[in-house]
Each structure stands twice: as structure tokens, then as C-alpha cells.
Amino acid sequence: MHPAARGLALALENDRSVDRVLGLSAHEPPLLGPKFELVQASPGDERFAAALAEAETVVLFPLLEASDRDGGRHARLVEGIQAALDAARRASTIVLWSSGVVYGAYPDSAVPMTEAQPVRPNAGFAPAEALADAERLVLGAAGGEAGRSATVLRAAAIWEPAWGTFLSRVLRAPVVLGVRGYDPQVQALHPDDAVSALALAATGSLEGIYNVAPDDSVPARAVARTAGRRRVVLPERAASAAAEQLWGLGMAATGPGELRYHMHPWVLDAGRLRAAGWAPTRSTAEALADAARGLADGVLVGRVEVRRSDVFRGAAAAVAVFAAVAVARRQGRRR
């Protein structure tokens with residue numbers, strides 16, 4: 001189950017207006033609160049559709065794998081989102097957990113970017129392209145329908161190792177690679193702040209697109225220093241060629257399209273969400289420091305983690321493409 005989904009389920013335990021929290025996932029999460037019920041099902045299963053049929057709020061968490069080589073995972077993700085939207089016909093609130101990567105990373109990217117910026121994910125970076133398609137489906141699901149709202153939360157960079165993002169993989173590598181001549185500003189969103197934004201959206205008090213980000217950013221070179229890793233800078237041509245070659249050999253977990261997100265900024269402005277009542281509790285530096293403390297005593301090479309001479313493969317995102325949280329509110333509140 002997506003780490004954000006687990007965090008949201010725990011946060012809703014303290015919401016007295018929430019009666020039940022259903023977690024829909026192919027993988028069983030750790031034990032959560034007494035309101036939580038796991039529905040171990042995937043899109044297409046009868047139990048999946050039945051669980052969503054009575055939900056008032058549905059929060060969708062795409063589980064993405066950057067190493068999708070044939071587009072199959074992308075297609076299954078889109079199908080899963082559509083199946084959830086079809087099943088949740090009675091839901092008044094649909095929330096999608098997305099990412100600022102949909103804006104793309106370009107030399108002319110505004111710093112910071114507001115929600116008014118166009119969606120233009122960099123070609124060749126599967127997670128950004130998949131999320132852009134998922135956003136279109138969710139925003140189109142409301143379609144002006146009375147009594148139904150759609151909310152997309154675009155998160156800033158999350159470096160926490162447990163979240164399994166492409167950035168957390170950077171911290172777990174033997175060295176942090178940089179491209180000569182590029183030192184873009186970067187952000188780090190703390191997981192607790194991500195969950196508080198999700199909890200606000202799950203109440204139905206938001207509608208539309210909102211960036212979720214801290215107020216500050218730091219130069220990319222500061223990431224390696226904070227994480228206690230060595231930073232190695234390569235010429236752009238060498239970095240691009242190496243990424244292409246390692247990807248082709250299956251020795252890298254992502255393709256060369258990711259490289260642009262390490263060369264150019266994709267810093268977000270969360271002013272709109274702040275105006276709605278949310279505020280970050282950690283700065284970029286604090287979130288990076290927390291992420292560094294969560295690093296395992298090993299390094300990641302491609303999709304293989306090496307720790308004390310043991311080699312193991314992992315990450316739920318490698319086998320799952322979709323998770324959701326369905327929320328049922330108390331009858332009195334609904335009336």
C-alpha cells in the first residue's frame with residue numbers, strides 16, 4: 001500500500017466524522033487503526049468495485065515504477081484509475097495524489113511554479129507521463145456534475161526512503177550524481193506535511209488542483225551534503241550517454257528521461273493550498289535531514305540493494321500499480 005495511503009488512514013482515525021476507512025490494495029499493509037478495513041483486491045475484482053460503490057470519498061494513490069520499459073504499467077495504471085472512477089459513482093469527493101513532475105523540468109521553468117503552469121512532463125520519464133494521464137481522468141470525472149468534486153494534489157519532491165520515489169533512490173545510491181553546469185533549486189516535502197494535505201482534501205473542502213510544497217528550496221549540491229553522500233559531477237553528454245547505456249543494459253532503475261529532473265528546477269508554489277488552511281511544518285532542509293536519518297546501512301545499484309554482503313530485491317511499487325482509500329462518513333453527518 002502506498003505510504004501516503006497508510007498515513008492518511010492513520011490520520012483519519014482521529015476524525016470523528018469518519019466512520020470507516022477502507023484500504024484497497026493487492027498488498028496487505030501493517031496493522032493500522034480500528035476504523036481501517038483492508039480490501040485485498042485490484043481493479044477488475046468484484047470486491048474492488050463493491051467496496052467503492054458505497055464510498056463518499058475516494059483517494060487514489062498511483063504506485064509508479066520508473067523502470068516501465070514497454071508502457072504496460074502505464075496502461076494498467078490508467079485502467080485502474082478508470083475502474084475506480086466507474087465504481088465510485090456515488091462518491092462526492094475524488095482525490096488524486098499526484099506530483100509536481102507533471103509540470104516537467106525545463107530551462108525556462110518558473111521558480112516557483114503555480115498551478116497555472118501547463119502540464120508538460122519530460123518525454124521518456126514514465127511516472128510523469130502516467131500521472132498526467134491520471135490527472136486528466138480524475139479532473140474529467142467531476143465534469144461539472146452537481147455535488148461531485150475532484151481534487152488533484154501535486155506534491156513537491158519527497159526524499160523519504162520509505163516512500164520509494166525516484167529521489168529517495170538517489171539518496172540510496174553509492175554517490176549522488178550531478179550534471180556539470182547545473183545546480184537547480186530543489187525542494188523536499190516532509191511526509192507528515194503530505195499527509196496533512198491529504199487529510200484536508202479528504203474532507204471535501206478542496207476542489208481543483210493544489211500544489212503541496214514547503215516554502216523554501218536549496219541548491220541541488222546541498223542534498224548530498226545533508227545526506228552524507230559524496231557528489232560526483234559529470235559532463236552532460238557523459239551523464240546522458242551513461243543513463244542511456246545503463247538503462248539499455250537493465251542496470252538502471254529508470255531511463256534517461258529522468259535526467260532532466262536533476263538538471264532543471266521543478267519547484268512548486270503552495271500559496272493556493274495555504275490560503276485553504278494548510279501550512280507546512282518542516283522546511284526543505286529539515287525534511288532532507290529527516291530523510292537522511294531514515295537511510296538504510298546499504299546502497300542501491302539499479303534495483304538491487306547491497307547491505308552487509310547480502311543482496312535483495314524489493315519495493316512494492318515493482319509489482320503493484322494502484323491503491324486507494326475509501327472513506328465512509330457517519331450517517332448523521334451525511335444527512
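**Close-up views of a predicted model**

View 1. The model is predicted, so local features need pLDDT of at least 70 and side-chain atom pairs count only at pLDDT 80 or more, while totals for chains, interfaces and linings use all residues. Residues are numbered from 1 along each chain as its sequence is written, and side-chain values use heavy atoms, with hydrogens and water left out. In a regular strand the side chains alternate between the two faces of the sheet. Thr93, Val95, Trp97 and Ser99 point one way from S4, whereas Ile94, Leu96 and Ser98 point the other way, and all are buried.

**View 2. Strands pairing with S4.** Pairing requires that DSSP finds at least two bridges between two strands. S4 pairs in the parallel sense with strand S3 (residues 57-62) over four bridges, and valine 58 stands opposite isoleucine 94 in S4. With strand S5 (residues 149-155), S4 pairs in the parallel sense over seven bridges, and threonine 93 stands opposite serine 149 in S5.

**View 3. Surroundings of valine 325.** Leaving aside neighbours within four places in sequence, valine 325 is in contact (heavy atoms within 4.5 Å) with residues including Met1, Leu8, Val21, Val59 and Phe61.

Conventions: Buried < 20%, exposed > 50% of the residue type's maximum accessible area, 1.4 Å probe, protein only. Helix = DSSP H or I, 4+ residues; strand = E, 2+ residues; numbered from the N terminus.
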